[in-house]
Amino acid sequence: MQTEKVDVLVIGAGPAGTVAASIIHQAGYTVKIVEKQKFPRFVIGESLLPRCMEALTEAKFVEALEKRDFQKKYGAKFVKGDAICDFTFENQYTDGWKWTWQVPRADFDTTLADTVQEMGVPVEYETTVTAIRFNGSDSVTTVEDINGNKKEIEARFIVDGSGYGRVIPKLFNLEKESVLQPRKALFAHTVDKKRYMDAEPNRITAVVHKKGTWIWIIPFSTGVTSLGFVSEPDFFEGFEGNNEEKYRAMLEAEPFTRERFRDVELVFEPRILESWSATTDKFYGEGYVLTGNVTEFLDPIFSSGVTLATVSSQTAAKLVIRKLKGEAVDWEKEYMEPTMQGVNVFRSYVMAWYEGTLDTIFFRKDPDETIKRQICSVLAGYVWDTTNPYVAKHDTLPKRLARMIGVTDKMQDLDVK
Ligand code: FAD
């Protein structure tokens, strides 16, 4: 069997894989990416967060991305009936990026992969990892192309950025169930001609349809808007017909989408994704590190996926470089803990969203501007800024605030009566 040698083998050419590959390559090591699919390929995850711009900058991807004219995103709007809560990243607690992009991922990921290839990192498409043997931190990976040709790649280190493929967790039985309830999404891209009627294109909108069911609306610069429903699986059973019939009936059932999306042209037949939450016990081992979705994917509500993917890769890449230089790396302290910090903050907010805690906070009549700025930084992805009380006390503070709002509202009701 043909054998190749590299310093670092990266599995997957999504945002996680390409960010890690670029940073390690810039440090002078030989890197190769193997990617199962042919690009451009569809993947969901179209709304980015400002924090990911720091990782994209370090990977030297921003210049190439700017040329693509993607829709700039300046905030996130939450809607429930007549109530609106609009977050603008300008008005946030943490001193960070004030904007990011809303992107068709096929184009975005192809730009990242093409850019890293132009830098000198080969990307081998339609090449799947089928087996890995470790000998200490050295490894031999077997890959297979679409014609069934196999070869082996020897590497000093592996970065697994295989996303939903979860290559290393699957090969080495490291998978663990998520604590989050299984949810399902039905989504499509729409030719959104009436977009200016009731929504600004420069932010995403999340519409609460009913408790536990919400809709994402993500306008792209192309005039196409991504729109998806997320709920528990039972919700979708309440609609008749095939995916398109169900999707159109759901659009009709929600006042916010009814008129704007009635008879809208669909770019593709609505698709279903379900039970996406997944995790593993440990995000590293001798000779490998897991980055991006392979570590843990929570839920789409706060658009955390690409940010956690790129930031985990940014952190991991620098540790891999130190390891290759022969320096000691405390993977638990320097990688697992910061990665879990981000995951844990977002997990608290995801749970607070589905429990209704954030509804109470977001849709209160006179929001406290200081608190709004602090929560805005969480929604911008600055979940490592522990000077922000809504980051530091992510699991208690939103609940306490919602309880206080509940009590104040009750007292005001009594006053009125
Ligand atoms: P990916 O982008 O999935 O890339 C991994 C790559 O690895 C793929 O190209 C795959 O082909 C390749 N691969 C897999 N197996 C192998 C193998 N054996 N050999 C070689 N290559 C392999 N995130 C956001 O940030 N914003 C959103 O708005 C958002 N919305 C979402 C909506 C839904 C319904 C869901 C389920 C997720 C959403 N996400 C969102 C999450 C987002 O999809 C992911 O977090 C993001 O794509 C992770 O990037 P990645 O680089 O880790 O993985």
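Start with the salt bridges: this structure holds 23 of them, a salt bridge being a side-chain nitrogen of Lys or Arg within 4 Å of a carboxyl oxygen of Asp or Glu. Keep in mind that this is a predicted model, where local features need pLDDT of at least 70, side-chain atom pairs count only at pLDDT 80 or more, and totals for chains, interfaces and linings use all residues. Residues are numbered from 1 along each chain as its sequence is written, and side-chain values use heavy atoms, with hydrogens and water left out.

**Stop 1**

Select Asp109 and Arg41. They form a salt bridge, with the closest N and O atoms 2.9 Å apart. The pair links distant parts of the chain, 68 residues apart: Asp109 sits in helix 4 (residues 105-119), and Arg41 in the loop between strand 2 (31-34) and helix 2 (52-58). Helices (H or I, at least four residues) and strands (E, at least two) are DSSP runs, numbered from the N terminus. Are Asp109 and Arg41 buried or exposed? Both are buried, and buried means under 20% relative accessible area, exposed over 50%, and partly exposed in between (1.4 Å probe, protein chains only).

Now pick Asp281 and Lys176. Their closest N and O atoms are 3.4 Å apart in another salt bridge. Asp281 is in the loop between strand 18 (278-280) and strand 19 (284-285), while Lys176 is in strand 11 (residues 175-176), 105 residues apart. Asp281 counts as exposed because its relative accessibility is 54%. Lys176, at 42%, counts as partly exposed.

Next, go to Glu296 and Arg347, whose side chains meet in a salt bridge (3.0 Å, N to O). Glu296 belongs to strand 21 (residues 296-297) and Arg347 to helix 10 (residues 331-355), 51 residues apart. Both residues are buried.

Before moving on, select Glu4, Lys32, Glu124 and Lys151 together: a network of salt bridges links them.

**Stop 2**

Go back to the loop between strand 2 and helix 2, where you'll find Pro40. A cis peptide bond joins Phe39 and Pro40, with omega about -5°.

Then try Lys60, in the loop between helix 2 and helix 3 (62-66). Its phi is near 60°, a positive value in a residue other than glycine. Lys60 counts as exposed, at 54% relative accessibility.

Arg166 also has a positive phi, near 45°. Look for Arg166 in the loop between strand 10 (150-160) and helix 5 (167-171). Arg166 counts as buried because its relative accessibility is 5%.

**Stop 1: helix 12**

Select residues 369-379. How many of the 11 residues in helix 12 are buried? Eight are, so this helix is mostly covered. Among them are Ile371, Ile375, Val378 and Leu379. At the N-terminal end, Asp368 caps the helix: a side-chain oxygen lies 2.8 Å from the backbone nitrogen of Thr370. Just after the helix, Gly381 takes a positive phi of about 95°.

**Stop 2: a positive patch**

Lys399 is in helix 14 (residues 397-416) and is partly exposed, with a relative accessible area of 39%.

Definitions and conventions. Polar contact = N/O pair within 3.5 Å; in protein donor to acceptor, adjacent residues only side chain to side chain.
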